[in-house]
Amino acid sequence: RLRHPYRSAASFSVSGAPPSLGPTSELLIIFMLPSATRSFQRVLFPRASEVVVASRTRTPLMGRDRFVGHRIGWGWILPPVDDHRSRRRRRQLSVIASSSSSSSSSSSSSSRPSFENNKERDGIPRDHRRRCIRECTSRAELRGPNLNDVIHFRSILSRRDGGGIITSLLENDSDSRGARGGGGTRRVQRGLDGTVSRFIPPRAETREYRGGVVPRGGNTGLCGGATPLRDEIVLSLEGMNNIYGLDEHSGILTCDSGVILENLHAYSNERGYLFPLDIGAKGTCQIGGNVSTNAGGQYFFRFGGLHGTVMGLEVVLPDGRVLHLNMDNVDDDGTVQRTKRISTHRKDNTGYDLKHIFIGAEGTIGVVTKVAIACPALPTSKNATLLVCDSYCDVLKVMATAKVELGEILSAMEFMDHNTLKLVQAHGFGGNGDGPRLLRDMLQSDPSKQESDRSRQLYLLVETQGSNSADDASKMDNFLAHLYDSGTIRNGFLAQDSRQMTEMWRIRESCNPSVSRAGCVYKFDVSVPIEDYMTIAREVEGRLFASVKHVDPIVCVWGHVNDGNAHINIVTPGRFETESAIEETIETIVFDEVLKHSGSISAEHGIGQKKNEALGRLKDENIMVIMAQIKALFDPHGIMNPGKYLPKKYQHNMCK
Amino acid sequence: MKILVPIKRVIDYAIKIRVDPTKGARGVQLSNVKMSMNPFCEIAIEEAIRLKEKTKTSAEVVAVSIGPKQCTETLRTALAMGADRGIHIETKADVRGDYVDMQPWGIATLLKGVVEREGGVDLVLLGKQSIDSDCGQTGTLLAGLLNAPQATFASKVDRGDDGSFTVERETDSGTEVIKIKPTTLPAIITCDLRLNTPRYPTMPNIMKAKKKPVETISLEAMVQELGLNLDEVLSRKNEVVEVYEPPPRKEGEMVGDVMELLAKLKEKGLVA
């Protein structure tokens, strides 16, 4: 790890033997052939804390000659080789270069340069080309923080003891784990007791600091959206955790965005309301992050997700402006200043509803600092039942029956397949309560069956919430009797009290962790037509067996079947290292199948840094251009979550 | 073998209890609150069913409940778990609304009557206490009234071929093993938490439970049949003077470091 401040690191020149640094520091210089980029990145980045600079002198390793002497983003170096991605990039660059310099000869983009002849490409001299690359990728503009920045930020954070910042620049860093798919030392700014609005204007005004900012909530996202790619500042909102209140009449709960979801559940339950968002990570995730990623969860079907329940937001834009979108102007010590028309109502049809852009924007156009959510009344009667079905047609019949018999009290319907529950039974059920026995009973519902038939069994967890326990009990009774008598379910288990209900939900919530413990997981979260749910899983399975059989992939499917949302997880048991070749194959197969049925490649997990390139390939060009324009409108310098959400070619600061 | 299992319908253990202002200072809010079987009674039913499954001779498990008409649901749960039939002594809504009204003495008297009315009961399995009153007296009172042998806080129950019961019981000073010799009187065993884990009723059993017989008899009729005095049954009880919520826990204060902690402690006079 480099202990030296950035600037001097940037001016290192390496010639032959590396410079003498302290005994505890390591200098890692990476030159990579672009074609080998990905595998290098995967292998080296987890251990690398920083990827530095290029050399001024010739190195025998690559046969290349001089490179530019300062940091260029991504850690690997342009000029590109002859593949389709770099050809496009080169085309863009050559176009810019030709327009900005009159001395260029030709701007033909179709010439295929050879490796050796990089003195002149497309008729543009090499140094000039390099300069253009530097100028046009504004990644060069975004620099990492240094000591002065830390001092500056310290002065504006309200925690004077300096506990608000964790950074390696000051040698008191905590661990700095390699981020998912990216390297970089993390500088974490924590405990923002002051307002984010106080933080951002100074940062934006002082143009000298223009670096990346990654807002972070609970960091439970599954697409790496809260993990910095290189050297961005991580802005953690966990210190902003006030709950301002719950209006008794309208049921609207107002709070800061750093409040943990489980605390919101407890707060609203105490007052007789139910918080309408419930996901497995609720012990850690924060509501700001949930709003920014438009989290789904098990009550999506019943309450309409965050787009339906968020009534107001306060956001801070990257240039420091604070927007109160349908929200009371709540000061940070809790007093409410009512100004003009701003207030938290359910209905407000005055103008473009901007809050919906921020819901699901994943921190790329602003930081959500306060949230107002409408909460329904707490149901007094809850019932849960686990059903075992023989085939997917039966599952569909169960869903139809539920909508008719259970009707308005149906609150959640979770689907799990046999592979998933076998893994839960093997790996994961940490509880020593009824879980294991219930699982055993479920998985062996019919002892006379063969294992191969049993592997086709499918499981449903159906939950109801209502206001009258006697009525609900009789509805549930009729529902189960109907299903059992018609042979739609092979077996069913009805929870008798809250303990049994909690156990059933724990089985569902253990799906994710158990599967991760079995081996390396390739996660996909897709939306598919409800009737094709299992057909897609079977097709994926078939194609996987055809192509990557040597790793014994297990296809596990679970999800919110009422929304058509399948979490397809492919596990390679026993192996715990991601292998990029296999990952690409699997990704191609799964996305292929999903798109054949016109599904969505990311139903609720979002884009983050894992799916943004796929997004570029799959979505309509017009939509992508407008999205890029929106991003440019809110974030002209591209400081919020650079490199994520939108595909790189649409990040507007690529080539103006 | 005939096993009698009295069960009680209480507020679900996970619900936060609230004092009901309309009942004066003595009542707990019961309306719109989820009720289910007392967890210890569930364990008792589970043990009864296990004993029935283990025995070579035929066995019958009878569940008894005393309470308002919603107790039939609780009895159905017991039947779905595997009991054979149920007896419901129905009280009017204002009696046995909660633990304040019908207390262990009255219950034990009624149960004694039920045992004698049934005849041939080998074992009465009860939960060691109920989670609303926490009295823990019904089992022992019943044993006293019947003059029958008892073993409480059972963590393991085994039946011998001669009809004796070997019970391991948990006490504060360790585990004690008691053997109840077979007599004409039923053995009374109360169940502790670690005896077993109650099963989930499965669909086939739930369906079968609908057809199992539940005898409903009103409290007055039962009292008359047993030749007791209703007043005596109801009036022998403790008087609950007041029910109140515990004062809310004060939030802790977060301090930044040791120096701040020391300063705060000095401030509160806790450290010189």
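This is a predicted model: local features need pLDDT of at least 70, side-chain atom pairs count only at pLDDT 80 or more; totals for chains, interfaces and linings use all residues.
**Stop 1**

Select chain A. Its secondary structure comes to 22 helices and 20 strands. Of its 656 residues, 54% are buried. The accessible surface is about 28400 Å², and carbon and sulfur atoms hold 50% of that area. Now look at contacts with a sequence separation of 6 or more. In chain A, 71% of them join residues 24 or more positions apart.

**Stop 2: helix 13 against helix 18, chain A**

Select residues 418–427 and 511–518 of chain A. These are helix 13 and helix 18, and their axes come within 8 Å. How do the two axes cross? The crossing angle is roughly 75 degrees. Angles of 65 to 115 degrees count as roughly perpendicular, so helix 13 and helix 18 of chain A are roughly perpendicular to each other.

Show side chains next. From helix 13 of chain A, the contact uses Thr420(A), Leu423(A), Val424(A) and His427(A). Helix 18 of chain A answers with Cys511(A), Ser514(A), Val515(A), Arg517(A) and Ala518(A). Colour this contact between helix 13 and helix 18 of chain A by class: 5 residues are nonpolar, 3 polar and 1 charged.

**Stop 3: helix 16, chain A**

Select residues 469–485 of chain A. This is helix 16, with 17 residues. At 1.5 Å a residue, helix 16 of chain A should span 24 Å; the end C-alpha atoms are 24 Å apart, so the two values agree.

Which residues of helix 16 of chain A are buried? Pick Asp472(A), Met476(A), Phe479(A), Leu480(A), Ala481(A) and Leu483(A). From chain A, it includes strand 14 (381–389), helix 12 (392–406), strand 16 (458–466) and strand 17 (491–494). Helix 5 of chain B is also part of the cover.

**Stop 4: Asn612(A)**

Select Asn612(A). It lies in helix 21 (residues 612–618) of chain A. Is Asn612(A) buried or exposed? The relative accessible area of Asn612(A) is 2%, and the cut-off for buried is under 20%, so Asn612(A) is buried.

Asn612(A) then touches Ile607(A), Gly643(A), Lys644(A), Tyr645(A), Leu646(A) and Pro647(A).

**Stop 5: chain B, whole**

Switch to chain B. Here the secondary structure is 8 helices and 11 strands. The C-alpha atoms fill a box of roughly 75 × 45 × 40 Å along the principal axes. Chain B has 272 residues, 46% of them buried. Its accessible surface is about 14000 Å², with 51% belonging to carbon and sulfur atoms. Among contacts in chain B with a separation of 6 or more, 71% link residues 24 or more positions apart.

**Stop 6: helix 1, chain B**

Select residues 39–54 of chain B. Helix 1 has 16 residues and reaches 23 Å from first C-alpha to last, close to the 22 Å expected at 1.5 Å a residue. Several of its residues are buried, including Phe40(B), Cys41(B), Ile43(B), Ile49(B) and Leu51(B). Glu42(B), Glu46(B) and Glu47(B) are buried too.

**Stop 7: Arg194(B)**

Finish on Arg194(B). It sits in the loop between strand 10 (187–191) and helix 5 (203–209) of chain B. Its relative accessibility is 58%, and exposed means over 50%, so Arg194(B) counts as exposed.

What does Arg194(B) touch, not counting residues up to four places away in sequence? Ser155(B) and Glu170(B). Draw a distance to Glu170(B): the C-alpha atoms of Arg194(B) and Glu170(B) are separated by 9.3 Å, and the two residues are 24 apart along the chain.

Conventions:
Residues are numbered from 1 along each chain as its sequence is written. Chains are lettered from A and ligands numbered from 1 in the order in which they are written. Side-chain values use heavy atoms; hydrogens and water are left out. Axes are lines fitted to C-alpha atoms, for helices over the stretch in contact, and angles run from 0 to 180 degrees between N-to-C directions. Helices (H or I, at least four residues) and strands (E, at least two) are DSSP runs, numbered from the N terminus. Angles under 35 degrees count as roughly parallel, over 145 as roughly antiparallel, 65 to 115 as roughly perpendicular and the rest as oblique. Contact means heavy atoms within 4.5 Å. Ala, Val, Leu, Ile, Met, Phe, Trp, Tyr, Cys and Pro count as nonpolar, Asp, Glu, Lys and Arg as charged, and the others, Gly among them, as polar. Buried means under 20% relative accessible area, exposed over 50%, partly exposed in between (1.4 Å probe, protein chains only). Accessible areas come from the Shrake-Rupley method with a 1.4 Å probe; for residues, only the protein chains shown count as cover. The expected span of a helix is 1.5 Å times one less than its number of residues.
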